[in-house]
Each structure stands twice: as structure tokens, then as C-alpha cells.
Amino acid sequence: NSRDAIYRYDVQAERYEYFSPAIQDISGFAPEELMQMNNKELLEHIHPEDRSAYVDHNQALTHSDQERPADRVEYRWRGKDGNYRWMSVHRVLVRDGSGQPMAHVGAIRDITEQKKAEQALAESEARLREVIMNSQDAIYRYNFRTQSFDFFSPSAETITGFSASEMGAMGLDGVLARVHPDDWAATVRRLQEETEHPGESRRPLEYRWQTKSGEWRWFSDSRSVIADERGQPLALVAVSRDITEQRQAEEVIRQSEARLKELADTLEQRVAERTIQLRALASELSRAEERERRRLARVLHDHLQQLLVAARLNVNTLQRKLGQESLQQATKQLDQVLGEAIDTSRTLTA
């Protein structure tokens, strides 16, 4: 009932003399079919790329000097359906009473799904390593148990100036010592929080750090503390990004906004001052207009009207002294004109 196929191969007769029933599920061939095949026919079912290695394993096992040699060999086998499947064979060489090789006894296991999983895992790891090794951000891992850094991606040297070995030799204390004094307390406090409560999600940590050249650069760390099965901190894994240019751009924007606010406040103040001045000018204009009205009214009343009245009186006196009818008619018309002028002047005065 074993899911692995158990077999016995007679070395001296060079043929298989036993297969357990599981071999049919694994290879597609019944035990009887396989035992009727010779070695050449059997080898043709092994993938061409694995065939020579399989033969070499057989020779090494058969001619081993050990008393009870064993080995493990993997190869692709073409089943009865024509498809190749991965096989893993664990076997032992059995000797006869005189110590001569007598038989291979082993178990054949179908490891196709395992191989697919291993291949998928290998491809995934390769992609992950490709991403890590080519990332512009620095990726690092600090081991709390060994109290040392056990990984730095190549980009760490690009953004810090220190090689991975130099960073490793620096240790955690050395790395923290290069944090800007204004950011040091917050950085240490954040590390304590992360180790006391591993696994919690937190916003990125931003701080200034002195590179190998002595320059202060801004960094943003997205970090996570990995805990062991007991909840104890095991490692700190982080992705560190150089955000100096971003910070500089933010500072330029902040200064620009401050200048714009200052200009806006100044403009608002000047507008307020100009409004007060305009109101004062409007009030002064209104008073000037009123003064001018009063002045014109006085001119009309005290000067022009008096002249017109005096002229009218003179015309009336002249009219009484004139004897000719034509002259009296002319002076009468002149008196009417002067009367209309006086009425108009009084209207303007009002």
C-alpha cells in the first residue's frame, strides 16, 4: 500500500525482478510491463538530459567500496502517456555472502509537484533578488539575536557612501551615532517602540543621516520588526529611501508659500490703507464740492444779483425820464430781460 514504488533490481542478471503496485500510478506501466523491458528500453524512457547522470549513478553505486552503499538520484521519466514526470529514487546496494553486488533495492517517488513548487519558488526568489539587487532604495536587515546587520542591498553604498561590509562593521550603535542630533531622540524612541510592539504598522520614519562624505542627507525608512514564535523581536527589515531632493523641494515650496503669504498680507494692508485714503479723499471731495456750492451761491447772491438789481433800478429810472415812446419800449424790454436774469440767478443760488 505504499504510495512510493518499491523495487528490486538484479545486478548480475541486469533486470528488474520486482515492482510494487504503486509503480503503475507513478509511471503508467504495470509492474509486468516494466520487468519485461531490457535496460536499453528502460533508459529510453529517461529524459536525454538526465540519462548519462543516471547511468553514472548506477556505475558508482555498483562499484562502491562501501559495505552497504546508498544513494539518491533524480531524473525525468517519460510515462506511458508520453509526458515526462520527475522521479526520485532512494536505493541501497545489497551484496551476497562473498561481498559481491547482488541487487539494488529502493523506492521510487513521484516528485513532479515538488519540482514544480521548487521551480516556482526558485523563479520567485530570483525575481525578488533581482528587484532587491536593482532597487534604488537601500534594503537592509538587522538581526536582534546576533546584534548585527546580516544584509545590505548594493544601493546602500550608492546612497550612504559606505559599503555593506563597512555598514556591517559599524553596527547598530554606529549607524545611530550618525543620525542628526535633532533627529536622534525620535529615531531611538521609534526603535524602542518597534521592538516592544513588533509587527505593528507605522508611518515611515524620516531623519537626517551623515553619509561617508560628511554630507547630511534626508532618509525615509519603511520598517517592520519580525517576531519569533514567542513574540520576541527577531529582526528589523527596512527599505530606506534618500528623500533629500524631495525635502529640498518641500522647503522651497514652504518658503515660496511663506513669501506669498507675506506678500498677500502686505498687499491686504496696502489695500486697506489705500481704501482709507480713498475714503478720506472722497469725503474731502464732498466737502470741497459743498464749499464750492456755497462759494458760488455767495457770488450769485452777493455780487451778480446785486449788479443785476442795480442795473434794473437804473433802467427803471431811465424809463421814467425818457419821453419818446420808442425808447420807453426798449427800456421796458431791457427791464424784462434783467428780471429774468435776476430770477435765474436766484434759482442757481438756491
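This is a short walk through the structure, one selection at a time.

**Before you click**

You're looking at a predicted model: local features here need pLDDT of at least 70, side-chain atom pairs count only at pLDDT 80 or more, and totals for chains, interfaces and linings use all residues. Residues are numbered from 1 along each chain as its sequence is written, and side-chain values use heavy atoms, with hydrogens and water left out.

**Stop 1: the whole chain**

Switch to cartoon view and you'll find ten helices and ten strands. These are DSSP runs, numbered from the N terminus: helices are H or I with at least four residues, strands are E with at least two.

Now try a surface. The chain exposes about 23,200 Å², and carbon and sulfur atoms supply 51% of that; the areas come from the Shrake-Rupley method with a 1.4 Å probe, and for residues only the protein chains shown count as cover. Buried residues make up 32% of the 350. Buried means under 20% relative accessible area, exposed means over 50%, and partly exposed is in between (1.4 Å probe, protein chains only).

**Stop 2**

Select strand β1, residues 5–10, together with strand β5, residues 101–110: the two pair in the antiparallel sense over six bridges. Two strands count as paired if DSSP finds at least two bridges between them. Click Arg 8, and look for its bridge partner in β5, Val 105.

β1 and β2 form a hairpin with four residues between them, and Glu 14 in the turn has a positive phi of about 55°.

**Stop 3**

Move on to β6, residues 138–143. How many of its six residues are buried? Five are, so to speak, under cover: the strand is mostly covered.

Bring in strand β10, residues 233–242, which pairs with β6 in the antiparallel sense over six bridges. Ala 138 stands opposite Ser 240 in β10. Then show strand β7, residues 148–152, joined to β6 by four bridges and running antiparallel to it. In this pair, Tyr 142 stands opposite Phe 149. The β6–β7 hairpin has four residues between the strands, and Gln 147 takes a positive phi near 55°.

**Stop 4: Ser 220**

Go to strand β9, residues 216–227, and pick Ser 220. Is this residue buried or exposed? Ser 220 counts as buried because its relative accessibility is 12%. Leaving out residues up to four places away in sequence, Ser 220 touches Pro 204, Leu 205, Glu 206, Val 239, Ser 240, Arg 241 and Ile 243. A contact means heavy atoms within 4.5 Å.

**Stop 5: Glu 49**

Finish at helix α4, residues 48–62, where you'll find Glu 49. With 59% relative accessibility, Glu 49 counts as exposed. Which distance separates Glu 49 from Arg 76 in space? Draw a line between their C-alpha atoms: they are 8.7 Å apart, although 27 residues separate them in sequence.
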